[in-house]
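Trainee: Before we go through the labels used for this protein, could you show me the structure, so that I can ask what stands behind each of them?

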Amino acid sequence: MIEKHHKLALYMEGAIGEMAAKMGSGCLRYSPNEIVAVIDSRFAGRDVADVSDSARSCPVVADVDAAAALGADVLVLGIAPPGGLIPKEWYPDLDRAVSLGLSLVNGLHDLLGPRYPALCEGQFVWDIRVEPPGLDIAHGEARNLTNTRVLMIGTDMSCGKMTAGLEIWKTARERGMDARFVATGQIGIVVTGSGVPLDAIRVDFAGGAIEREVLKGKHADMVIVEGQGSLIHPASTANLPLLRGTMPTHLVLCHRAGAETLRRVPWVKIPPLRQLATLYEDLAEACGTFPRPKTAAICLNTGGLSEEEAREHIERTERETGLPATDPVRTGVQRVLEAVLE
């Protein structure tokens, strides 16, 4: 529902530079729309590029009024709190935004549409985590496609699967390929304008929802599917529908460089990357029932590391796995794409 002419403000109060601000950070990196302001009263008067790792420059302001004064007409909730629920202290700011005529983009589980039933002409509330109509169960139809289907997989939540997928998609298109990106989470849906909110879909239809999106790209050279969660995360249920709906030809394993345990479940140790990749391949193949995908490469998230530290992690990962490794943001994904296309 975001159109090209919309000017965005990102609601990141108290969260710039924090892991929870991944929606805002993703929009700063990938949204094609103009972003006129980021809201975080701690850094009001400064530039977001000076207080975060954002490559995009825009002012940080104290409140919704200041963002509206700069021309914002859409407020994007840029924070994803644990559990995906809207904190009650946000509602006065959201009420104020709506009263000023701003539209709302909400990627959290709490819906805002019912709270604002009467809007001005042209004003909208986009609740992203809503199950789309007309879903069916999966039928394994993607196995019959002849194109390349690349599924992002990971060692943990929030370790770079969306970023890696978007970078591969962008690079493939720059090479002249007809490449499609299937967004499966709130950020990817906002920045690309399409996709399926996988964690809002009833489990019986989750695989079918992914299959439907993949089949829309049946004539494309390549379909890149954004992954969710991890097989070793006790709270993650998304991997099986992603594998069955995509029937991938290739996997790209994403990992936060240096992480030895899950970030929020530290008692879970991350196994050797090649071993985990093999587990994904085995589950995808299901004892020969389905085509076996190939793990093509490793994408590392080296955020917070120096250039030298990042290079050391990349080189070590390549030695240990025998696979090409890269940081999609720092060093690009040319080698990943080449590995997929071999």
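Mentor: Arg 274, Glu 281, Asp 282, Glu 285 and Arg 292 are linked in a network of salt bridges, and please keep in mind throughout that this is a predicted model.

Trainee: How many salt bridges does a search of the whole structure find?

Mentor: The search finds 16 salt bridges, and one of them joins the side chains of Asp 95 and Arg 115, with 2.9 Å from N to O.

Trainee: What makes the contact of Asp 95 and Arg 115 a salt bridge?

Mentor: The cut-off asks for a side-chain nitrogen of Lys or Arg within 4 Å of a carboxyl oxygen of Asp or Glu, and the N to O distance here is 2.9 Å, so the pair of Asp 95 and Arg 115 qualifies. This pair links distant parts of the chain, since Asp 95 belongs to helix 4 while Arg 115 lies in the loop between strand 5 (103-106) and strand 6 (125-127), 20 residues apart.

Trainee: Why are Asp 95 and Arg 115 called partly exposed?

Mentor: Partly exposed covers what falls between the buried limit of under 20% and the exposed limit of over 50%. Asp 95 has a relative accessibility of 31% and Arg 115 has one of 40%, so both values fall in that middle range.

Trainee: What is the distance between the closest N and O atoms of Glu 167 and Lys 170?

Mentor: Those atoms are 3.3 Å apart, and Glu 167 and Lys 170 form a salt bridge. Because the two residues are 3 places apart in helix 5 (residues 161-174), about one helical turn separates them. An α-helix has 3.6 residues a turn, so residues three or four places apart point the same way.

Trainee: How do you know whether Glu 167 is buried or exposed?

Mentor: Its relative accessibility is 9%, and since buried means under 20%, Glu 167 counts as buried.

Trainee: Which salt bridge does Asp 178 take part in?

Mentor: The side chain of Asp 178 meets that of Arg 180 in a salt bridge, at 3.0 Å from N to O. Asp 178 is partly exposed at 31% relative accessibility, and Arg 180 is partly exposed as well, with a relative accessible area of 36%.

Trainee: Which residues form the negative surface patch?

Mentor: The patch is formed by Glu 308, Glu 309, Glu 312 and Glu 315. Of these, Glu 309 lies in helix 10 (residues 307-321).

Trainee: Why is Cys 287 called exposed and Ser 158 partly exposed?

Mentor: Cys 287 has a relative accessible area of 84%, which is over 50%, so the word exposed applies. Ser 158 has 24%, a value between the 20% and 50% limits, and therefore counts as partly exposed.

Trainee: How do you know that Ile 86 is buried?

Mentor: Ile 86 has 7% relative accessibility, and because this is under 20%, Ile 86 counts as buried. Ile 86 is found in the loop between strand 4 (74-77) and helix 4 (91-99). Leaving aside neighbours within four places in sequence, Ile 86 is in contact with residues including Leu 77, Tyr 91, Leu 94 and Leu 108.

Technical notes: Residues numbered from 1 in each chain as written. Predicted model: local features only at pLDDT ≥ 70, side-chain atom pairs only at ≥ 80, totals over all residues. Heavy atoms only, no water. Patch = residues over 30% accessible without salt bridge, like charges linked within 9 Å, V, L, I, M, F, W, Y side chains within 5 Å. Areas by Shrake-Rupley, 256 points an atom, 1.4 Å probe, with all protein chains shown as cover. Lys, Arg positive; Asp, Glu negative; His and termini not counted. Charge placed at Lys NZ, Arg CZ, Asp CG, Glu CD. Helix = DSSP H or I, 4+ residues; strand = E, 2+ residues; numbered from the N terminus. Buried < 20%, exposed > 50% of the residue type's maximum accessible area, 1.4 Å probe, protein only. Contact = heavy atoms within 4.5 Å.
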